[in-house]
Amino acid sequence: MELHRIGESLDRVRQYNPLIHNITNVVVTNFTANGLLALGASPVMAYAKQEVADMAKIAGALVLNMGTLNELEVEAMLIAGKSANEHGVPIIFDPVGAGATPYRTETARKLVNELAISIIRGNAAEIANTIGEEWQIKGVDAGAGEKDVISLAIAAAKHLQTIVAITGKTDVISNGEKTYLIHNGHPILTKVTGTGCLLTSVMGAFAAVEKDTLAAGVHALVCYGVAAELAAHKAGQEGPGSFQIAFLNTLATMTSDDVHRMGKVERRK
Amino acid sequence: MELHRIGESLDRVRQYNPLIHNITNVVVTNFTANGLLALGASPVMAYAKQEVADMAKIAGALVLNMGTLNELEVEAMLIAGKSANEHGVPIIFDPVGAGATPYRTETARKLVNELAISIIRGNAAEIANTIGEEWQIKGVDAGAGEKDVISLAIAAAKHLQTIVAITGKTDVISNGEKTYLIHNGHPILTKVTGTGCLLTSVMGAFAAVEKDTLAAGVHALVCYGVAAELAAHKAGQEGPGSFQIAFLNTLATMTSDDVHRMGKVERRK
Amino acid sequence: MELHRIGESLDRVRQYNPLIHNITNVVVTNFTANGLLALGASPVMAYAKQEVADMAKIAGALVLNMGTLNELEVEAMLIAGKSANEHGVPIIFDPVGAGATPYRTETARKLVNELAISIIRGNAAEIANTIGEEWQIKGVDAGAGEKDVISLAIAAAKHLQTIVAITGKTDVISNGEKTYLIHNGHPILTKVTGTGCLLTSVMGAFAAVEKDTLAAGVHALVCYGVAAELAAHKAGQEGPGSFQIAFLNTLATMTSDDVHRMGKVERRK
């Protein structure tokens, strides 16, 4: 993965301001919208079954996040997802908390079964539970256990026939054949709610401007991780409140040069 | 419009802390509540059909915002709106995304048809779609095209028999007979989600303390624009995260002197 | 109340990262999650009737907040609450706006009647209305009137057979027999939305790591008040936006030494 391509994708997000349709959870809507705006994308949140098909079809990407799912929202996700599939709009899916309750696990499996998803992003426990493996989970912030996250990403990508991104200390993304590790990011991301959810939406912004979806996923992970490092350097020691603000600033002000200088991508055979 | 009257309105908001009942979208609830609190108003969000009539009638203004509308919320808006109308409580309406989907357009038209609205505020595309004109729109952040925004504001005010505010680079507000242009504000407002929605709620705060509703709208637009300029001067170059915080600070700390010194209102014949 | 015990509770929250299940209002979800994360707890928001029983039973505490209640949410609160009661998970209840509308008052009473609640926290008007006393209220931010808040806390604790915390200039907490006053906190807390709601959730975090629930409540009130003082000292003069960020920072960075040095608890006979 050449780093200059990542910077070019970032520039394209800012040039084209892709419309990203989010059906996401109530905890992170504001942070998601502000993060996408800062990056240069155009966020829209729309949930009503009467309009989600219309909104999804004009979007550059559809992001589905089940963080505070309910029946109506799952129904809307399916309608929006089918519209996206019909119109060639990539779907990015975040199975928040899969494994924490049976309802979440079942819903995650239902969505991956009924929709053609371009990228699924979660932590190791969420991905494992989505494909039916047991994995320890505590709430929605479960860290990876001892299992091999790389193997899990590859197995899940093959099982689901999609691109799978598992984020944590090292981010792993695989389409089942090609696998990349991204060594960017910062631990303070775990102290701000919705940083995983926003990352999923940022993947949507990159998928909207880059047809090679695996590349789009890598680009999003690198840019996001670099932004976190820059923001943590500036404000992280003050605490998570200051980090959150610095992170939004950095999404707006970071340059393709920053990506080129700081990006750390490793192709794994 | 004499600028000292605007400063006096600002002082009255802080003196009377009017209760502003918001039925608004899930993206901006926190920012709206914090913005109203900072300014000196008392925000309340209430959505259940069992209570919205009771809440609206004790409020100083009712703000309806359809940013993430659904059937239950539209039903609640109609119940709250009728209660507000019966009790002489001004309604401020924000037709977020009218034109983006048929459902939004229809809902905007339904609300303006069934309720007596004091001020409707949106961008040019939203206002045009609410009155039935075609206008290019992308998501909910559509900028104005080449058409004459002033003419649109006047036409919409006459058509809807209400006060119409169209915000953008220059803000225009008209009751169909008198029209004002406000030359305050800052482009970075477009990089923070919900700044338009909060402005609509701030119009509610001014309408609660100023019986001349057109004047209340002008006062709100000027104060909001001046606050944005002050905040952008302080923090805008750091990025949208810092601007958002500085803007909340400024809503609390700006003075009637700031308004007098920086307000730019033009009466348009 | 020995102050070193309070600092020890704070350290235990950070050591055990208790899972706090919140069914709370849409205005404060993000701030609540970020505040709990900053403090060291693990927040989860889950609302669907299909999963709340499962989530509540694995949580360290269940926090119910009716700030933007609706039928489905009240149903979910009852299901979650019964599960919490069955599994010995403490319930902390915030009757936001009880007294503002009949629906809120009735719902508050229904919840305290049908669930065994460990702590109920509100302002004086909310507590009074929950037990059936008349009390002036304006929206959800009502300050205490002239009545004796201490007497009200004791009476409500006896009436409801639970621990009652009434927060305001001085915080009062009582189980009906023992009563404590906490003289920490800062007025700027009232200029940031959701600071009361977050406090209720923070009480959940302390109740999850301290079996003496009255002590847990006192510990939470002291830590929260000390954090507010530290944050106001650092950023309060800049305005409520900066205070909010400094407050989140302080929840993460404050130490048991800060509590020991600044905590002001008074046992009231």
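**Thr193 in chain A**

I started with A:Thr193, which sits in the loop between strand S8 (179–182) and helix H8 (195–207) of chain A; helices (H or I, at least four residues) and strands (E, at least two) are DSSP runs numbered from the N terminus. This is a predicted model, where local features need pLDDT of at least 70, side-chain atom pairs count only at pLDDT 80 or more, and totals for chains, interfaces and linings use all residues. Residues are numbered from 1 along each chain as its sequence is written, chains are lettered from A and ligands numbered from 1 in the order in which they are written, and side-chain values use heavy atoms, with hydrogens and water left out.

Is A:Thr193 buried or exposed? I find it buried, at a relative accessible area of 11% (buried is under 20%, exposed over 50%, partly exposed in between; 1.4 Å probe, protein chains only). Next I listed its contacts (heavy atoms within 4.5 Å), skipping neighbours within four places in sequence: A:Val27 and A:Phe31, plus C:Asn30, C:Ala33, C:Asn34 and C:Leu37.

**Chain B against chain A**

I looked up this contact and got 29 residues from chain B and 28 residues from chain A. The buried area (accessible area, 1.4 Å probe, that two parts lose on being put together, summed over both) is about 2,200 Å², with 58% from carbon and sulfur atoms. I found two salt bridges here (side-chain nitrogen of Lys or Arg within 4 Å of a carboxyl oxygen of Asp or Glu). B:Arg104 and A:Glu51 pair up in a salt bridge at 2.7 Å, N to O. On the side of chain B that touches chain A, helix H5 (102–114) and helix H10 (240–253) of chain B are the elements giving two or more residues. H10(B) has the largest share, five residues.

**Chain B against chain C**

How many residues of chain B are in contact with chain C? I count 28 residues of chain B, facing 29 residues of chain C. B:Leu37, B:Gln50 and B:Glu51 supply 23% of the area that chain B buries against chain C, more than any other three residues. The salt bridge count is two, and B:Lys49 meets C:Glu71 in a salt bridge at 4.0 Å, N to O. H2(B) gives the most to this side, with six residues.

**Symmetry**

I laid chain B on chain C: RMSD 0.0 Å, by a turn of 120 degrees and a shift of 0.0 Å along the axis (least squares on C-alpha atoms of residues with pLDDT of at least 70 in both). The two copies are thus related as by a three-fold rotation axis. In chain B, the C-alpha nearest the axis belongs to B:Val26, 3.8 Å from it.
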